[in-house]
Amino acid sequence: MEQTGTHAVSTDEMTGVQALERKYPDKLSLPGMCAKAEFEYIRHGTTSLIGFFDVAKGTLYAPYLDETRTEEDFCNAVRSTIETDPEGEWVFVCDGLTTHKSESLVKLVAEVCDLKTPLGVKGKCGILQNKKTREEFLHDPEHRIRFAYTPKHSSWMNQIEIWFGITNRKLLKRSSYSSVAELKESILRFIEQYNLTAHPFKWTYKGIPLAI
């Protein structure tokens, strides 16, 4: 994708990210003793993160952080990402969630790609009629901006899930936040630092053939 100038972007939502404040400070490690983390915590609310992972570069685009994850949220997040290269070609890899095949997304692609094809009416006719017709439009390889969907029960194939795991292990599980605002700032700082040394994932799967 990088050689052709197309942006290959893996995207998904990390929902219900909690701003947890440890009730008591952790105890640092001492000679002969490991560090001890406080298990009691205070809840300060949640946020949802819509992430965009550049498959070729291994870096993250600016995430979308909000309390909700509606189809409008996802559409706005995609629009913000596209605006980093408005004339470029984009392929977004995502799962088959309804918000990834929404009316708002179809209208965004038609607008940005300057497509004059009639879209129809949601629930009645045309491209907007149902989830299947919207998916076919969004997946059309002729469009400058299109979406590729992972098979059912195969969202693990989406590389953003690997980055979500890294974020959980290296940031969220080890931190204490007194507010959602503090949580958001921490995530943004983590992404900024992550991008400084980022590299593409060596993403391979060696399947074992079934014995017949």
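Mentor: Please bear in mind throughout that the model is predicted.

I begin with the ring pair itself. A pair of aromatic rings is described by the distance of the centres and the angle of the planes. For Trp90 and Phe92, the ring centres lie 5.8 Å apart and the planes meet at 5°. Planes under 30 degrees apart count as stacked, so this pair is stacked. The structure contains 9 aromatic pairs. Ring pairs also join Trp90 and Phe92 with Phe52, Tyr61 and Phe147 in a cluster.

Next, consider what Phe92 touches. Apart from neighbours within four places in sequence, Phe92 is in contact with Val9, Thr11, Phe52, Val78, Thr81, Ile82, Ile145, Arg146, Phe147 and Ala148. Two of these names, Val78 and Phe147, return when we turn to the nonpolar core: together with Phe92 they have the most contacts inside the largest one, which has 26 residues. Several elements give two or more residues to this core: strand 2 (41-54), helix 1 (71-82), strand 4 (89-94), helix 2 (103-112), helix 3 (131-138) and strand 5 (145-149). Another core, of 21 residues, lies apart from it, and Leu65, Ile166, Leu172 and Tyr177 are among its members. As a general point, nonpolar side chains in soluble globular proteins tend to be buried together.

The protein chain has 5 helices and 5 strands, and from the N terminus on its elements follow the order β-β-β-α-β-α-α-β-α-α. Of the 212 residues in the protein chain, 40% are buried. Contacts that reach along the sequence are also worth noting: among those between residues at least 6 apart in sequence, 67% join residues at least 24 apart. The C-alpha trace spans about 70 × 45 × 40 Å along its principal axes. The protein chain exposes about 12,900 Å², and carbon and sulfur atoms supply 55% of that area.

Gln159 and Val93 are 66 residues apart in sequence, but their C-alpha atoms are 8.8 Å apart in space. Gln159 belongs to the loop between strand 5 and helix 4 (160-170). Its relative accessible area is 10%, so Gln159 is buried. Not counting residues up to four places away in sequence, Gln159 touches Ser10, Phe53, Val55, Phe201 and Trp203.

The loop between strand 5 and helix 4 also holds His153, which gives a contrasting case. With a relative accessible area of 72%, His153 is exposed. The phi of His153 is near 65°, a positive value in a residue other than glycine. Asp114 also has a positive phi, near 55°, and is likewise a residue other than glycine. Most residues other than glycine have a negative phi. Asp114 is in the loop between helix 2 and helix 3, and with a relative accessible area of 51% Asp114 is exposed.

A loop position can also be buried, as Ser102 shows. Ser102 lies in the loop between strand 4 and helix 2. Its relative accessibility is 2%, so Ser102 counts as buried. Not counting residues up to four places away in sequence, Ser102 touches Glu71 and Arg134.

Finally, let us return to aromatic rings with another pair. The rings of Phe190 and Tyr194 have centres 6.3 Å apart and planes at 35°, so this pair is tilted. Phe190 and Tyr194 both lie in helix 5 (residues 180-196), 4 residues apart, about one turn of the helix. Phe190 counts as buried because its relative accessibility is 15%, and Tyr194 counts as buried because its relative accessibility is 16%.

Methods. Residues numbered from 1 in each chain as written. Predicted model: local features only at pLDDT ≥ 70, side-chain atom pairs only at ≥ 80, totals over all residues. Heavy atoms only, no water. Core = buried A, V, L, I, M, F, W, Y, C linked by side-chain atoms within 4.5 Å. Buried < 20%, exposed > 50% of the residue type's maximum accessible area, 1.4 Å probe, protein only. Contact = heavy atoms within 4.5 Å. Areas by Shrake-Rupley, 256 points an atom, 1.4 Å probe, with all protein chains shown as cover. Phe/Tyr/Trp six-rings, centres within 6.5 Å; stacked < 30°, edge-to-face > 60°.
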